Each structure stands twice: as structure tokens, then as C-alpha cells.
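Here's a quick tour of charged side chains that pair up. Have a look at the structure first, then read on.

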Amino acid sequence: MPTSTFTRREWLAASFTTMIALESAAGQEKPRREGKERPPITGEARPGLDRFDAVLLEMLHKHGVPGGSLCLAKDGRLVLARGYGWANVKAREPVRPEMLFGIGSVSKAVTAVAVLKLVETGKLRLQDHAFDVLKDLHPLPGQKEDPRVRTITIRQFLNHTSGYESMPHKPEAAQAFGVKQENLTADQIIRYRLGKPLAYAPGTEAQYSNYGYLVLGQIIEHASGEPYADYVDRHVLRPMGIRHAACNVTLATYPADWVHRYNRNGEELPPLKPLQGAAGGGWLTSAVELARFMTAVDGTRGSAFLPPRLMREMLAAPPPPVKPRKNGSHFGLGWDTVRFTPKGPTYTKNGGLPGYRAYVGHTPENVDWAVLLNGGTGEEAENEVADAANHLQREIERVERWPKGNLFGRF
């Protein structure tokens, strides 16, 4: 079996704390079956890639998801851009490839590239101590700071070796500051957490941490002098040619170009509310734009966005005593899994929020892919999540000859 195939353990070990998995729809009504019609397919695919339509339709059917989108790029050329099923079940509006989904923790890959851009311009160093940058933040009166906190580096927040667990103590922090939990600021969460002990010594283990990326969002703001989303948009997304993205917006109703989200029973959920940790999960964008992001990062669509030294840093394994996983993969800077093969690196990121799931990946053969889905809540469908990723990856590996042409100009 090719070395780029993802194992179930690889996907789950990397980010089990953030998975809002697609629960099995057995015994439950699947919204896409209303009216018994075949789910619509929109967008374009270059010749020979129709097999992926069946893959995505099977995903929707198997997991009870109303709609999704898939984009594939080969050597920097967009060769498939499809929408499947329903963006709005009630209105029977099909998903189009350019429509926005919440991407959850795939936002972390965007944040990591933003940090590396600040490193490139000399405003940060990966070995900088994070709380030297955030030196104005201190624990609440009466709280004692774990002295190891001051040794945590920016690199350790990026590769989940900081000593922090995921996102602890938000209810307690809200109580301490006398505010509702949804009104907590990132600085308040950090200040409260500074008064609590670390889960482990920094640099000795790797544990997925949403909290670490909340901190990184504040580091970006302090180092750049700009709000997090503004900096990312101006210095990362727009230079990559990405124009169709949003971060932490407040909306009462869905805009026309947004895909609606649904729970496991097919009930529509309202538009997402802003997250305190936008850097870890607050972005919305399309599968087409994620394909642009991936091809800019790997340098297959023009010059690589980051210089070679920072690409090496982005994909490097955490240093000892942190050990790689049994399959040889490790956390990168912003990536759930990185693995080196004789043909080149493979790296992936997945994310989830209630009603949304996102997957992106790069293979050693310079295939970049992005899958977005608009259904699912709960935490009990790990097998389904791994199955979806494996199924797509197997089909990518079966393509013997990739078609010519480039659809980026059409989307």
C-alpha cells in the first residue's frame, strides 16, 4: 500500500479533542432523501475524474449529510471543483464549489502560516518565549503562575507541545471575570489560565491544544499591530489570491453564498457565532479557496508562499523527547499529521464545528485536496471520520493519469 495512505490512528490521534464527528445516521432520517431526488452536482471536473462524484455522494449518504464540496489540484492546477447535495435543504438550493463553509480547526493551518510570515519579516522568532511577547498579561490577583509558563516558545504552541491541554476552564474564567461565557475575551481566558498549572512540562509531550492557538492569535496581534483577521487577510490570504473568506462574523441569517449547517437529525442550525479563539477555528471559506491556500503553501502554483527554511520548520517533527506516532507521523506547525516519504512529504489538517466538517491534505505526488461538509454533531463517529478520509485518499492514489487544464480561472 502506498506510504501516503492515512491510517485511522493517524487521523484520530492527531486531533481527537477537536473532532465534532459525523455520527452514524442509522435509524435516522437523512435530510437529503427528502423527495427521493438524487442530490444535485454542480461545478466542473476535468475528464477522467468523475469517479470522485461517486465518492462524495457516498459520503453524504453514509453519514446523513445534506451537502458537501470537493476540490482537487494537481501540480498547482485545479482539476476538480464540485458541489454536492444541498446548501439549503428547505429552499432546495444546491451546494456550489465557491460557497462558504465553516472550516473549524483547519483555521490553525492558516494561523500557523501567518505566524511564519511574521517570522519571515523578522517580527517574531520561533524560539521566542510566547509570554515575553504577551508580557502585559498576568494572572488574576491571588493566582500563582506556573513558572514553566515563561519557558514556552512560539514553536511549542504551534506544534502542540506547550504543556497546555485543549481549552480548559472557560466557565470558571467567565465566573472570575463576572461575564457570560460567550462574552469572554481572549485576553481574559489567557489571564485566567496563567494562574493554573500546566498539564505537563513544555516540550516533553504533544497534546492537541485549542488554547495554544488562542494564544497564537493574540501573539499575531501584538507582533503585527493589527487585529488577527485583518493581518491574516492582508498578509496571507490576499497575497495567495484568496478573496472569498470570512472570520468571526456575527450574522442573524445566512448570506446567499453560505452553506447552511445541520445537526445529525437534519435540523438546521443558525449561523456560527464568533469564537474567542478565532485563530484556532474561526474562519469560513470555500473548498476552492482552500485549494488555493494549499497550492500556495506547497509552491505548486507559482512561488512558494514561505521560503524553504520556513517550509522545513513548518514540517519538522517536534524535537526529543517527543516521539513520533507509531506510523511515523507527527504534528507539524499547524498540521495534524506530517509524514516524510521517499517521494516527498504528506501533511493533513481536519476540523469540525457543529454542523460543519473540513479536511485538507497534500500528497507526495503534489495533489492537494479539500473537502467540506455541512452536517453532523456529536463525538461518537470516529470510524466514519477516518473512513471518509481514507476513501478519498484511496481514490486519489488510483488516478493513473491526471488530466490537463486548470479550473482556477473559472472559480
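How many salt bridges does the structure hold? There are 19 salt bridges in it, a salt bridge being a side-chain nitrogen of Lys or Arg within 4 Å of a carboxyl oxygen of Asp or Glu.

## What you're looking at

This is a predicted model, where local features need pLDDT of at least 70, side-chain atom pairs count only at pLDDT 80 or more, and totals for chains, interfaces and linings use all residues. Residues are numbered from 1 along each chain as its sequence is written, and side-chain values use heavy atoms, leaving out hydrogens and water.

## A link across the chain

Take E44 and R410: their side chains form a salt bridge at 2.4 Å, N to O. This pair ties together distant parts of the chain, 366 residues apart, with E44 in strand 1 (residues 41–45) and R410 in the segment after helix 13 (382–398). Strands (E, at least two residues) and helices (H or I, at least four) are DSSP runs, numbered from the N terminus.

E44 is partly exposed at 28% relative accessible area, while R410 is exposed at 55%. Here, buried means under 20%, exposed over 50%, and partly exposed in between (1.4 Å probe, protein chains only).

## Two more pairs

R234 pairs with E226, their closest N and O atoms 3.2 Å apart. R234 is exposed at 52%, but E226 is buried at 16%.

In helix 13, R398 and E395 sit three residues apart, so about one helical turn separates them. Their salt bridge has its closest N and O atoms 2.6 Å apart. R398 is partly exposed at 47%, and E395 is buried at 12%.
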